[in-house]
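Hi,

Here is the structure I promised to pass on. Have a look at it first, and then read on for what turned up.

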Amino acid sequence: MNKKRIGFTTSLPVEVLYAAGHFPIDLNNIFLTQDSSKHIHDAELKGFPRSLCSWIKGNFSASLASNLDEVIGIVEGDCSNASSLLEMIKEEGLSTYPFGFPASRDYDDLNREISKLEEYYGVTRAMSQEAKVRLDEIRVKLIELDRLSYEEHKVTGAENHIWLVNSSDFQGDPDKYEKELDEFLREARQREPFPVQIRLGFVGVPPIFRNLYESISELGGEVIFNEVQRQFAMPHLEKDLVMQYLVYTYPYSVNERMADIKEQIKKRKLDAIIGYTQSFCHLQIDHLLFKKHLKLPFLNLEGEMPEELDSRTILRLESFFEVHG
Ligand code: SF4
């Protein structure tokens, strides 16, 4: 069988791609590990506007630079720019497939979308379910890693972020990912708990800043809840594939996300929220509602380019922790 390298623009039922024997690649994760500033520049040379989210430009260039056979764009339930991005990728000669999380959040509608994806890649539901059983063995370990963050304080916010964000594609090799995760968990369990002065939740898409978590720790806070990254790790362990992607909050309305965040605020006894938004992103509007309804001190940070935190943002974090620490 021809093993394809398949890029995708945000979390999707990756079980289908593994069941088909392919190599899934989350374009967001590789964009940041490649020459990300060059990727943005290259996309602008192709005509992408300056006033467009950097992740879109990064995903475009990463698609072309990663020797892919195909790109799946999540055209419903993620980004308002996704359909246009997919058209631009197709224009460059790459094969594309549009996948959508129906806004209805209805079982039958999502079932149809997943079945179409399965048909396209030549797998049955039984095969996808079998892949899910395998991936869930790893997801159980990620739930434990997350618990080590908020209960035992042995995993930092930065480590939590990186493990959970990479579970969208398991870095293309679940066995290797699991082996490294096992080693990490063994080492983390033996650590002394670190002091946590301000218990923070991080709400929003993964940050483009390179050193955000480290800076927060240095300034006296610690992120013990990464909202979207935790969703990527599918922590509910629903037995049924369709149900798993129905309880996944990120693709649906702000209300599903709000309910999940409120539950975790209680469970993790959070003191404050760092809201992160990307410049030129429509999700900034949802953050107005988070700020209004979450009933905790809320600091919104906005990032644009893949870079270290600027001094103004560091000062804003410092004053926020002074007031709420
Ligand atoms: S940050 Fe916002 S605009 Fe950028 S890719 Fe994500 S959803 Fe789209």
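Helices α7 and α8 cross with a left-handed sense. Bear in mind that this is a predicted model. Helix α7 covers residues 125–150 and α8 covers residues 157–165; their axes come within 10 Å and cross at roughly 165°. An angle over 145 degrees counts as roughly antiparallel, so that is how α7 and α8 lie to each other.

Which residues of α7 and α8 meet? From α7 there are L142, L145, D146 and S149, and from α8 there are N160, W163 and L164. Sorted by class, this contact has four nonpolar residues, two polar ones and one charged one.

Now for the sheet. Four strands make up an open sheet, in the order β6-β5-β7-β8, and the pairing is parallel. The edges are taken by β6 (221–226) and β8 (298–303); each has a single partner strand, so one side of each has no neighbour in the sheet. Going from one strand to the next, the twist averages 30°.

Helix α13 (residues 254–268) packs on it, touching β5 (198–204) and β6. The direction of α13 makes about 165° with that of β5.

Cheers

Terms used:
Residues numbered from 1 in each chain as written. Predicted model: local features only at pLDDT ≥ 70, side-chain atom pairs only at ≥ 80, totals over all residues. Pairing = 2+ DSSP bridges. Helix = DSSP H or I, 4+ residues; strand = E, 2+ residues; numbered from the N terminus. Axes fitted to C-alpha atoms, helices over the stretch in contact; angles between N-to-C directions. Contact = placed C-beta atoms within 7 Å. Parallel < 35°, antiparallel > 145°, perpendicular 65-115°, else oblique. Left-handed = near helix turned anticlockwise from the far one by under 90°. Nonpolar A, V, L, I, M, F, W, Y, C, P; charged D, E, K, R; others polar.
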